[in-house]
Amino acid sequence: MANFVLLSLHFISFFVRVVVPHSYNVPALFIFGDSIFDAGNNHFKKNCTVQADFSPYGLNFFHHPTGRFTNGRTVVDFIAQFLGLGFQKPYLQVEMELRSQSRKHYPSNGINFASAGSGVLQETNRGLDVMPLQVQVQQFQALIHQNQINVNLIQNSLFLLESGSNDIFNYFLPFGTQKLDQDKYMQAMLAEVERFITQIYELGARRIAIFSLGPMGCAPARALLPEAPLNKCFGKMNRMIKEYNIALEKLVSDLPVKFPGLRGVYGAVYTMVQQFRGTPKRYGFVEVSSACCGNGPLGGTIQCGKEGYTLCKNPNRFLFWDYLHPTEHTCKLLAKALWGGGQVQIRPFNLTTLVSLKTHDKPPPFLVN
């Protein structure tokens, strides 16, 4: 992780009180992205090798593996709870239940399309049989064309996107095909994100939260990269991520001009994780470099649950659950900051404001805490 200058602010917003759900205007969540958001879609893909459907994943909340790449709830699970919507089921699970006739209708509280290992570029981890962002949108689009999702529901729902970490991590792998230079690679990624926004906007989406990439160069999985140091973050990767995030935020800030009526917010996840790393005790962490579950250097070369793994005694004192993913405690801190934080964490306003707006309302001026 690149060096981060801590701001001399009291981030009370990390511990906001959740307001009563009935005050919001959001009936459903539609979730797109990778393993940070995946609620178990990959479990229902027979040939997919990117899995978390074995112990000890799910250890501290569900008490069994659900396909989520953490020890409990993800960021989107907490956001759904703040809204009073319950958890969104994986799209492929819903499809299976409909085929088996154990379910008659698509859920009314939204659907999770996210697929671990996927990227915003279609070729990212293609051989692992994951579902890239383009496939996720196609699945959503098909449901609309089949009249499985009400148009009014879409207009009032909240759309969440977090994707791109796998694209950038793979860029630094020492094998693979010839790559574009960094600027062209990032432009290709941003073009796919804008294409995604265009598609869901044309399908009726009017509220979207797009989250930045976290500091992947600090994840324990950097131990897999020969070029990356173990005693500090991989600065080269983090510099690329920061540059990408700047362009991503610019894309989000331009949404009202390019897409009339669309409300968009940018969640500064990179900044928040750097805050956790900078003053770990403040946020309840005792370890912010190594994984709680895994093995090898930093716990980053053997996946949690695989042969030879070790498990820490108190996962919620760790920033990272496994080689790449946050613990439930980290997810909860991020979700609370996105929900009720100030402009350091999310801008131009937070999720509480976004979900309180009616689709024809103009966003109110943001008041800095």
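Entry 1: The model is predicted, so local features need pLDDT of at least 70 and side-chain atom pairs count only at pLDDT 80 or more, whereas totals for chains, interfaces and linings use all residues. I number residues from 1 along each chain as its sequence is written, and side-chain values use heavy atoms, with hydrogens and water left out.

The torsion about the S-S bond of cysteine 293 and cysteine 304 is about 80°, so I record this disulfide as right-handed. Cysteine 293 lies in strand β8 and cysteine 304 in the loop between β8 and β9, so the pair ties together parts that are 11 residues apart in sequence. Helices (H or I, at least four residues) and strands (E, at least two) are DSSP runs, numbered from the N terminus. I note both cysteine 293 and cysteine 304 as buried; buried means under 20% relative accessible area, exposed over 50%, and partly exposed in between, with a 1.4 Å probe and protein chains only.

**Entry 2: the other disulfides.** How many disulfides does a search of the whole structure find? I count 3.

Cysteine 292 is joined to cysteine 312, S to S 2.1 Å. The link of cysteine 292 and cysteine 312 is left-handed, with -90° about the S-S bond. This pair links distant parts of the chain, 20 residues apart: cysteine 292 is in the loop between β7 (287–291) and β8 (293–294), and cysteine 312 in the loop between β9 (310–311) and β10. Both cysteine 292 and cysteine 312 are buried.

Cysteine 218 and cysteine 233 form a disulfide with their sulfur atoms 2.0 Å apart. Both cysteines lie in the loop between β5 (207–211) and α7 (235–253), so the pair ties together parts that are 15 residues apart in sequence. The torsion about its S-S bond is about 115°, so the disulfide of cysteine 218 and cysteine 233 is right-handed. Cysteine 218 counts as buried at 2% relative accessibility, and cysteine 233 is buried at 10%.

Entry 3: With the bonded cysteines of the protein chain numbered in sequence order, I read the pairing as 1-2, 3-6, 4-5. Cysteine 48 is in no disulfide, and the nearest cysteine sulfur, that of cysteine 304, is 17 Å away. Cysteine 48 is buried, with a relative accessible area of 6%. The sulfur of cysteine 331 is 13 Å from the closest cysteine sulfur, in cysteine 292, too far for a bond. Cysteine 331 is buried, with a relative accessible area of 2%.

**Entry 4: cavities.** I found 3 cavities of 30 Å³ or more in a search of the whole structure. A cavity is a set of points, on a 1 Å grid over the protein atoms alone, where a 1.4 Å probe fits but cannot get out; lining residues have an atom within 4 Å of a point.

The largest cavity has a volume of about 340 Å³. Its lining has 25 residues, of which Ile36, Gly214, Val269, Leu324 and Pro326 lie nearest its centre. The largest share of that lining, 3 residues, comes from α10.

The second largest cavity has a volume of about 40 Å³.

Key
On a 1 Å grid over the protein atoms alone, a cavity is a set of points where a 1.4 Å probe fits but cannot get out, and a pocket is an open set with protein on both sides within 12 Å along at least five of seven lines; lining residues have an atom within 4 Å of a point. Grid points are joined across faces, edges and corners, and a volume is the space filled by probe spheres set on the points. A disulfide is a pair of cysteine sulfur atoms within 2.5 Å.
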